Amino acid sequence: MTPEQYQRVKEIFDALVDLPAPEWPARLEQLCPDDPVVKENALEMLRADSQAEGSFLESSPLLAFEAQASMIGKRVGAYQIEDQLGSGGMGAVFLASRADAQFQKQVALKIIKKGMDTEEILRRFRSERQILARLDHPHIARLLDGGITEDGVPYFVMEYVEGMPIDAYCDHHKLSLEKRLAIFRKVCNAVQFAHQNLVVHRDIKPGNILVDAEGNPRLLDFGIAKLLNPDDSDLSVPLTETHMRLMTPEYASPEQVRGERISTASDVYSLGVLLYQLLCGSYPYSLKSRRPGELERIICESPPRRPSSRILRSPDSAPGDESEDWREIAARRSLKPEQLRKHLSGDLDNIILMALRKEPNRRYVSVEQFSEDLRRYLRKLPIQARQDTARYRIRKFVRRNRVPVFAGVLILLSLIGGIIGTAWQARVAAAERDRARLEAQKAEEVSKFLTSLFAASDPRDTAPDSLTARQILEEGARKISTELAGQPELVADLNLVIGQVYSNLGDFEAAARHVTSVLDWQREQAPGGSVGVAMGIQVMANIQAKKGDYETAEKSLRESLAMFRRLLPQNDLHIANNLTNLAGLLLEKGDYEEAIALHRQALAIREAQDKPDLADISESLNDLALALKSQGEYPEAEQLYRRALEIREKEYGPDHFFVGQTAHNLGALLQVTGNYEEAEQQYRRGLSISERTLGKDHPDLAVDYNSLAIFFYINGNYEEAAKFFGKALAIWGPTLGEKHPHFATGTNNLGLTLMNLGRIEESREYLEKAMKLRIAALGEDHPNVANSYNNMGRIYHQLKRYDLSERYYRKALAFYEEHSGPEHPNVANTANNLAKLLIDLQKYPEAETLLNRALSIWTASLGEEHPNVGAALNGLGLLHLRRGEYAQAREFLQRARDIYNAKFGPDHPGTREAEGHLATLAEKTAL
Amino acid sequence: MSLTSAKVTQMLQEIQQGNKDRINDLLPVVYQELRRLASGYLRREREGHTLQATEIVNEVYLKMIARDDLNFNNRSHFFAIAANGMRQLLIDYARRHNAAKRGGGAQKIELDEGAVLSKEQSTLILALDEALQRLAVLDERQARVVELRYFSGLNVEETAEALGVSPATVKREWRSAKAWLYRELKSG
């Protein structure tokens with residue numbers, strides 16, 4: 001239709017609209033015989049006219065606002081209304097001040113909607129006002145006055161609070177879950193105070209809790225709901241429209257919706273909804289319907305959704321759908337959706353659901369208890385809220401003991417300083433894995449037994465903290481021997497479980513005792529060996545390895561491997577698992593080549609399965625990469641780590657312990673190859689995961705400290721390095737003992753750091769101690785011992801004990817050349833160090849040969865820009881400087897300086913060494 | 001700056017920062033101010049005075065319809081701007097009120113949150129706004145009649161004053177406009 005046509009339509013409409021409808025068609029023909037569009041539109045409009053009359057179009061929606069707007073400037077009682085603050089179901093709230101007061105004190109004045117029972121409300125107000133005026137609490141806004149307006153509507157006067165609703169406040173400041181819980185507990189405190197004064201709020205919701213700029217919440221409207229509610233009696237009042245209007249359905253408890261007696265438990269419920277919303281950004285139910293009957297059904301009957309289950313798992317969904325919002329909701333808590341889900345899952349889920357129980361008497365008995373459980377959660381103590389006591393405790397227990405099943409393993413890190421790193425080897429003992437499978441088959445029996453175990457110690461009667469894991473185990477062991485005597489297979493399984501847990505707790509003797517008893521029984525059953533026997537041997541080997549007894553462990557693992565190969569098809573997963581364990585042990589022993597070969601075999605078996613297990617494959621990739629790195633095969637190692645990391649992130653989620661392990665290992669590799677920026681990122685990622693998943697004193701957390709310290713060391717930040725090496729040692733000493741190879745490594749590393757800090761004498765003590773510990777634990781033929789020789793060479797060089805220094809360097813070099821091969825980075829490292837000594841001894845030709853050798857090894861394995869190359873160049877520069885070959889010296893030194901400067905900046909010791917030599921050079925040539 | 005004006009400024013800031021709830025509180029204040037201005041304007045116009053918009057309306061229009069030059073030349077201009085501003089405010093209100101549930105958050109239920117307008121009204125306002133845009137293409141003056149009547153709440157006489165036409169014309173235009181809009185909304 002064109003504007004011109006519309007003008008004709010209007011003319012026809014105006015002419016015909018007041019005529020009776022039957023006359024329209026004929027008149028239409030007369031007025032517009034030629035244009036069917038005009039005719040049709042006009043006819044439709046004529047028909048619409050009668051319906052449009054009196055429709056919504058008749059009154060502007062703005063008129064709805066007029067009533068409220070008209071209040072501003074009016075006087076109510078002793079108060080002058082200045083402004084509107086907001087409006088709610090009960091009426092509107094205004095900012096007002098006492099019209100007759102000397103000083104202007106602002107108050108909030110709430111005018112109740114027309115149509116409520118004024119007389120009754122006022123009567124209640126008079127009877128309650130004394131009680132309400134007594135509610136003097138820092139987090140409660142007080143009720144000051146009340147009365148009736150000229151129009152005959154009740155009003156209440158309250159303290160005026162400036163602030164944001166609690167939910168908006170938390171989101172606006174992107175508060176973490178902990179901070180949200182802290183504010184929420186202040187709210188609980190206020191509600192509890194009111195309950196003690198026999199006042200129930202009845203209308204707890206974010207709009208009634210304002211948080212001021214200092215982060216302190218103030219509760220509004222205490223007692224108001226009761227003044228307005230017609231149900232202050234024991235009699236059940238049927239649900240009516242008015243009734244519902246007074247409530248905020250999202251926060252209303254089942255008893256409120258039903259019109260039943262309201263108690264403090266109703267506030268507990270509303271607080272539960274509030275907490276639900278603060279933590280996961282949504283409500284327990286979807287209340288789309290506004291029909292009272294439907295609302296009642298949902299609130300009273302449907303179970304609330306677990307908060308954690310609200311957070312969607314998939315972070316990859318297309319933007320605009322719900323997961324986008326979860327990202328936003330999580331971001332407002334400074335988390336990722338997956339992290340938010342994890343935080344909520346478990347204790348917080350249970351706490352909230354306990355507050356939201358349908359039956360008032362099954363909720364927390366008081367707000368105080370609710371708050372107390374949150375405190376316990378924040379302190380990481382067991383909470384009260386749970387569905388099933390025994391199951392709950394088992395889960396707590398298993399979770400506490402889950403992580404330590406995996407052992408961190410030492411490896412060599414070849415660096416200039418010969419500092420040694422530690423790395424994770426995701427060496428899940430095959431026996432543990434098989435044990436887990438076995439356990440799954442008999443899960444029911446085992447879990448029944450464990451349940452009885454926990455039930456026997458009756459957590460309801462004892463304080464939850466008083467039971468230690470060890471006590472539970474002892475109780476378990478006792479029960480196994482007495483109550484299950486007739487079920488040897490179950491006894492065997494449980495003894496393996498218990499042995500494993502003892503091993504995790506670091507009590508290797510008790511562990512060995514339990515596993516040995518199983519093994520003896522199994523050997524008795526199958527003297528020729530069996531799969532079960534082989535698995536028992538593996539568990540035993542794991543315990544031996546943890547004790548640091550690598551020789552026995554290796555023997556055990558070779559025995560079980562042979563047994564598996566005899567009994568099973570060659571591509572059986574048992575064999576792959578055994579290979580993985582053996583390879584891991586060989587890596588610790590320094591037999592890199594065989595370790596690599598075995599890991600490749602294990603990987604091949606795992607990849608060849610009909611349904612390959614990605615988690616298994618990622619383990620093989622991680623471990624193989626670790627072995628390859630030890631052998632100096634950096635590019636392949638990096639590629640495998642990245643593959644392993646990708647799989648693990650997908651399989652376990654981004655914050656899983658395993659992801660942390662591989663991130664850490666990749667960081668260590670990137671550090672060797674000179675990618676320091678990403679190395680630090682990966683280290684910090686690994687560390688933060690470890691800090692969250694492991695205890696504060698866990699030996700495996702110290703592995704992360706050690707690595708981060710190495711990072712600082714390489715960057716020339718020796719103070720920080722010493723601090724973190726110290727932290728690692730402080731954990732390893734008491735937990736693993738001084739005989740453990742980790743402790744020797746920490747001692748060695750701290751020694752080297754002290755040398756760089758100029759604390760030479762202390763340094764020598766640490767390095768010598770480390771060397772002795774290593775020889776005692778590993779024997780003389782171990783790469784770590786060679787590393788100690790190298791370091792002893794360095795400290796004696798510093799002490800100008802040139803003879804001793806040279807002897808140690810040559811021992812280290814001989815070992816590396818023989819065991820690691822002539823092209824290994826460790827050879828370059830020691831060659832470089834020895835060359836520096838030889839320069840001081842003026843043995844220039846051999847020094848030059850060694851430096852060139854180091855230079856070519858490093859350039860080939862690490863690239864031309866690596867700082868190690870810079871170190872060799874510094875050495876060559878110094879050599880030529882001493883010989884008086886200044887032009888060559890300058891070229892080497894400038895290249896060295898440029899490499900260090902580009903990587904670490906001007907303050908790094910490497911840069912300063914080059915600059916120092918260049919300054920000497922300048923003096924010499926100036927003469 | 002008067003207290004009300006300061007409050008409006010603050011409310012506008014909050015709305016811009018994402019606290020759309022504040023529109024609930026802003027609308028009545030602005031409406032009242034507009035009504036006051038409108039009556040003052042009509043009265044003074046007869047006395048030959050020139051209108052100056054007050055701070056508050058300036059504030060609202062600066063923010064809501066992004067007009068920085070608000071010295072109204074004549075009453076039609078004022079009402080055109082005012083009606084458009086109120087329309088904008090109402091549309092925002094209705095949009096927010098009508099916003100589809102996202103992210104698992106609960107739908108706001110009319111029983112609370114001081115919903116002055118029902119959900120149906122909000123839906124209608126949005127549909128009406130679209131229909132009115134189509135009407136403006138066919139007949140601009142008629143669309144302005146609707147805007148003044150419906151979105152600014154002016155009565156027939158006020159609307160006639162604002163547009164400088166006779167009340168009879170407003171009545172006639174209003175009736176056919178309603179019929180057209182009603183048909184549009186029913187068929188849409």
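Modeller: A:S253 counts as buried, because its relative accessibility is 0% and a residue is called buried when that value is under 20%. Please keep in mind that the model is predicted. A:S253 is placed in the loop that runs between α9 (241-245) and α10 (254-258) of chain A. If residues up to four places away in sequence are left out, A:S253 touches A:S266, A:Y269, A:I299 and A:R363.

A:L568 is found in the loop between α25 and α26 of chain A. With a relative accessible area of 17%, A:L568 is buried, since the limit for that word is under 20%. Residues up to four places away in sequence being set aside, A:L568 touches A:V531, A:H574 and A:I575. A:L568 and A:S530 are 38 residues apart along the chain, and their C-alpha atoms are separated by 9.8 Å.

Helix α26 (residues 573-589) of chain A has 17 residues, and from its first C-alpha to its last it reaches 24 Å, close to the 24 Å expected at 1.5 Å a residue. This helix is mostly covered, as 16 of its 17 residues are buried. Just after α26(A), A:G590 takes a positive phi of about 95 degrees.

The buried residues of α27(A) include A:Y592, A:A595, A:I596, A:L598 and A:H599. Further along α27(A), A:A602, A:L603, A:I605 and A:R606 are buried too. An α-helix has 3.6 residues a turn, so residues three or four places apart point the same way.

Most residues other than glycine have a negative phi. A:K174, however, has a phi near 50 degrees, a positive value in a residue other than glycine. A:K174 lies in the loop between α6 (166-172) and α7 (177-196) of chain A, and it counts as partly exposed because its relative accessibility is 46%. A:Q842 likewise has a positive phi, near 60 degrees, and is a residue other than glycine. A:Q842 belongs to the loop between α38 (825-840) and α39 (844-862) of chain A. At 58% relative accessibility, A:Q842 counts as exposed, because that word applies over 50%.

The charged pairs come next. Side chains of opposite charge can pair when their charged atoms come close. Over all chains, the structure holds 47 salt bridges. One of them joins A:E559 to A:R523, with the closest N and O atoms 3.5 Å apart. This pair links distant parts of the chain: A:E559 is in helix α25 (residues 550-567) of chain A and A:R523 is in helix α23 (residues 508-525) of chain A, 36 residues apart. A:E559 is partly exposed, with a relative accessible area of 35%, and A:R523 is partly exposed with a relative accessible area of 35%.

A further salt bridge lies within one helix. A:K772 pairs with A:E768, their closest N and O atoms being 3.6 Å apart. Both residues lie in helix α35 (residues 760-778) of chain A, four residues apart, which is about one turn of the helix. A:K772 counts as exposed at 53% relative accessibility, whereas A:E768 is partly exposed, with a relative accessible area of 22%.

B:R134 forms a salt bridge with B:E184, and the closest N and O atoms are 2.9 Å apart. B:R134 lies in helix α5 (residues 119-138) of chain B and B:E184 in helix α8 (residues 167-187) of chain B, so the pair ties together parts that are 50 residues apart in sequence. B:R134 is partly exposed, with a relative accessible area of 39%, while B:E184 counts as buried at 13% relative accessibility. Salt bridges may also share partners, and in this way A:D171, A:R180, A:E328, A:R332 and A:R333 are joined into one network.

Note on methods
Residues numbered from 1 in each chain as written. Chains lettered and ligands numbered in written order. Predicted model: local features only at pLDDT ≥ 70, side-chain atom pairs only at ≥ 80, totals over all residues. Heavy atoms only, no water. Buried < 20%, exposed > 50% of the residue type's maximum accessible area, 1.4 Å probe, protein only. Helix = DSSP H or I, 4+ residues; strand = E, 2+ residues; numbered from the N terminus. Salt bridge = Lys/Arg side-chain N within 4 Å of Asp/Glu carboxyl O. Expected span 1.5 Å × (residues − 1). Contact = heavy atoms within 4.5 Å.
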